[in-house]
Amino acid sequence: MTIPVASATPSPVPETINVAVLGAAGRMGRTVCDAIEAAAGLELVARYDAGDDFSVVRESGAHVAVDFTVPGVTEANVHALLDAGIHAVVGTTGWTDESRQRVREHLAQPAVAAARTGVLIAPNFGLSAVLAMTFAARAARYFESVEVIELHHPDKIDAPSGTARHTAAAIAAARADAGMAPSPDATETGHDARGADVDGVRVHAVRLRGLVAHEEILFGNVGEQLSIRQDSFDRVSFMPGVLLAVREVVTRPGLTVGLENVLDLS
Ligand SMILES: NC(=O)C1=CN([C@@H]2O[C@H](COP(=O)(O)OP(=O)(O)OC[C@H]3O[C@@H](n4cnc5c(N)ncnc54)[C@H](OP(=O)(O)O)[C@@H]3O)[C@@H](O)[C@H]2O)C=CC1
Ligand SMILES: O=C(O)C1=N[C@H](C(=O)O)C[C@H](O)C1
């Protein structure tokens, strides 16, 4: 699949990009290793997983590392990659404003800034998910009510999903820009069934065997509803986005959050 790409800051790009995969034995890590091995201009130089020594990555000659590990370790991995002068593409969830800010500060350190190192964190690499999030942010100002439902396989350890958090944050920002009141809700406090409150947007998480990764954004006005739904049925659907991010991160110094900033969605 060819994905249209927005223009980036020019920076020297190696002829072959050497790639290390962190979390290489996991569901996403295995799929990413296969995709890198099959991709033109990319070479898989290290597979790193729980219990491995980080020197495997540091000494691999990797230009870029792709992190699909677990929320509890991904930030430490990124700092270790920056110390090693390796660009990072991150799909792992668990990022907060504070952890992203610590990465920005690390990127601003003179040696790291001089190396023009890039970090690209994407809550979701699937084109359908990126478009759903983008469309939802565009629609947000026109509807009085909004709620997000994310649906995933039951082996997922975090909830709500990183995608749902990113979606809700973008919707909340758009509603705030438009000066909108909170979604109407007469529920008395203390009712768990109303889901998580993410920046004032209710997010509901479903875990069901057979699912992979899915999201539905519901907008309501008096007498009408808009539903935006995306379904990732197979982890290979994330791979065009991951490969694009690997190729792009070497040209984008600093922190980029969200694949929508790499795609030409104008
Ligand atoms: N951005 C996106 O498009 C997508 C993001 N994700 C996110 O990616 C992450 C991984 O998902 P998934 O592949 O399903 O999860 P898995 O649990 O299948 O894979 C995680 C892997 O990381 C390993 N790991 C644990 N600790 C470390 C460590 N300290 N260093 C290196 N590796 C470690 C795990 O090993 P062990 O099992 O032995 O602990 C496991 O092999 C999740 O946060 C998920 O939400 C998933 C899909 C798409
Ligand atoms: O754990 C998963 O599977 C996924 N995690 C990411 C998230 O939390 O949003 C991306 C996608 O939804 C699959």
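A residue counts as buried if 20 or more other C-beta atoms lie within 10 Å of its own, as exposed if 12 or fewer do, and as partly exposed in between, with C-beta atoms placed from the backbone. Glycine 94 is partly exposed because it has 17 C-beta neighbours inside 10 Å.

The model looked at here is predicted: local features need pLDDT of at least 70 and side-chain atom pairs count only at pLDDT 80 or more, while totals for chains, interfaces and linings use all residues. Residues are numbered from 1 along each chain as its sequence is written, and chains are lettered from A and ligands numbered from 1 in the order in which they are written. The protein chain averages a pLDDT (the predictor's confidence in each residue, from 0 to 100) of 95, and 95% of the residues score at least 70. For the complex, the predictor gives an ipTM of 0.99 and a pTM of 0.95.

Back to glycine 94, which sits in the loop between β4 (87-90) and α4 (97-108). Helices (H or I, at least four residues) and strands (E, at least two) are DSSP runs, numbered from the N terminus. The C-alpha atom of glycine 94 is 9.3 Å from that of proline 123, 29 residues apart along the chain.

Now for the strands, which pair if DSSP finds at least two bridges between them. β4 and β5 run parallel, joined by three bridges, and valine 90 has isoleucine 121 in β5 as its bridge partner. β5 also pairs with β11 (residues 254-257), again in the parallel sense, over four bridges; here leucine 120 is partnered by threonine 256 of β11.
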